[in-house]
Amino acid sequence: MNKISDIPKAFFGFLLAAFLMWLLINLSKKYTTQVSYTLNYINLAQNKIFEKEPLKEIPITIKGTGFKLLAANFSNKSLDVNLDKIYKTKNNGYYLLSNNLKANFQKQLANGIELQQVDIDTLHLNLGLLASKKVPLVADLDLNFQLGYDLSKPILLQPDSINVSGTKKLLDKLTHFNLQKVTLENISENLTTTSKIILPEEFNQLKLNTTNTTIQLFVDKFTEGEFEIPILVKNVPNSIKLNIFPKKIKVVYKVGLKNFNKITEDSFSVECDYLQTQKNNVSYLIPKLINKPEMVTSVRIIPNKIDFLINK
C-alpha cells in the first residue's frame with residue numbers, strides 16, 4: 001500500500017487548481033434565490049404610532065451571479081420601508097402593496113443584484129393616532145421602623161407622575177403606573193431609594209419619558225403629647241341654651257421629637273354639630289377634629305361622645 005507521502009505534490013496542486021476553476025465557473029453563473037431582509041420603517045407621520053409591532057422581516061426573491069449573491073449574504077441585509085405614502089383601508093387599517101415596495105427595494109440592493117419579486121402581496125400596518133398623557137405613579141412600600149421612629153412627612157416621589165405617549169386607545173385605559181415593591185427594615189433616619197416603573201405587557205407600545213423614580217422618606221423619633229382644649233358646638237338654635245359635659249376634650253397626638261415644642265394648644269380645634277345630632281336622633285354630640293398641624297402624624301380625641309343638657 002502506497003503512503004500518502006508518496007503522492008506527488010504536483011497532484012495536489014492540480015487538484016486545488018481544478019477546484020478553484022470549478023468554483024470560479026460556478027460563481028460566475030447567475031442564480032435566483034429567496035432571502036429574508038430585516039425591515040426598517042422610516043418617515044412615519046409624527047401624529048401616528050404603531051399599535052402593534054409591524055412585520056420585522058420580509059422574504060424577497062433576488063437574482064445575481066454567485067459572487068454577488070455571496071457578497072450580499074455577508075453585507076447589511078436590511079431594507080428601509082418609506083411610510084410617507086401609505087394607503088388606508090375601510091376598517092382604519094393601513095397597507096403598502098408589494099408593487100409599491102419593489103422599486104424602492106431595488107435601489108437599496110447592491111449593484112449586480114436584481115430584485116425579481118417581493119414575496120408577500122401586501123404589507124399590513126396597524127397604526128393609531130399619537131397622544132400624550134400625564135400618569136401618576138403609585139409606590140408599593142413595606143416599611144419597618146425602629147421602635148419609636150416613624151415618618152415625619154408624607155413620602156415624596158420624584159417624579160410622582162410621568163409623561164406617556166402612545167395611541168389614544170391605550171392611554172384611555174391607563175390610570176396609573178405601579179412601582180416595583182421596596183422593602184426597608186429597621187428604619188431610623190431619612191433615606192432615599194429608587195424604584196422601577198412596572199410596565200404591563202399590554203402597554204409595552206407606550207413611550208415613557210423615564211423608567212424609574214426616586215423615593216424619599218423623612219424619618220424622626222416620635223413622642224406623644226396631649227392637651228385639653230375647649231369644645232365648640234355649632235348650629236345651636238337661639239331658642240335654647242346647651243350645657244355640655246365635659247366642656248373640654250383631651251387631644252392625644254404623635255409628633256416628631258424635633259417638632260414637639262412647636263405644637264401648642266391652639267394648634268388643634270374640635271367641634272360638635274348639634275344639627276347632626278338632631279338628624280341622627282341621638283342623645284349625645286359627636287366631637288370632630290377640625291384642625292391639626294401637618295407635622296402631627298396621628299391624633300386621638302377622648303372621649304368620643306359628649307353629653308349635653310338643654311335649658312330653654
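Visitor: Which residue in β18 is the bridge partner of L191?

Guide: That's L217. Bear in mind that we're looking at a predicted model. As for the general idea, strands of a sheet pair through backbone hydrogen bonds, either parallel or antiparallel. Here, β16 (residues 191–196) pairs with β18 in the antiparallel sense, over 6 bridges.

Visitor: And how many bridges link β12 and β18?

Guide: There are 3, and this pairing is antiparallel too. Strand β12 covers residues 156–158, and its L157 has I215 of β18 as bridge partner.

Visitor: Which residues of β18 sit on the covered face, and which on the uncovered one?

Guide: Look along residues 212–217: T213, I215 and L217 make up the covered face, while N212, T214 and Q216 make up the uncovered one.

Visitor: Now the open sheet of 4 strands. What is the strand order?

Guide: Reading across, it goes β4-β1-β3-β7, with mixed pairing. Strands β4 (78–82) and β7 (114–118) are the edges: each has a single partner strand, so one side of each lacks a neighbour in the sheet. On average, neighbouring strands are turned by 40° against each other, ignoring direction.

Visitor: How do β1 and β4 run, parallel or antiparallel?

Guide: Parallel, with 5 bridges joining them. One to find on screen is I42, whose bridge partner in β4 is N82.

Visitor: Which helix packs on this sheet?

Guide: Helix α3, residues 98–108. It touches β1, β3, β4 and β7, and its direction makes about 130° with that of β4.

Terms used: Residues numbered from 1 in each chain as written. Predicted model: local features only at pLDDT ≥ 70, side-chain atom pairs only at ≥ 80, totals over all residues. Heavy atoms only, no water. Pairing = 2+ DSSP bridges. Helix = DSSP H or I, 4+ residues; strand = E, 2+ residues; numbered from the N terminus. Axes fitted to C-alpha atoms, helices over the stretch in contact; angles between N-to-C directions. Contact = heavy atoms within 4.5 Å. Buried < 20%, exposed > 50% of the residue type's maximum accessible area, 1.4 Å probe, protein only.
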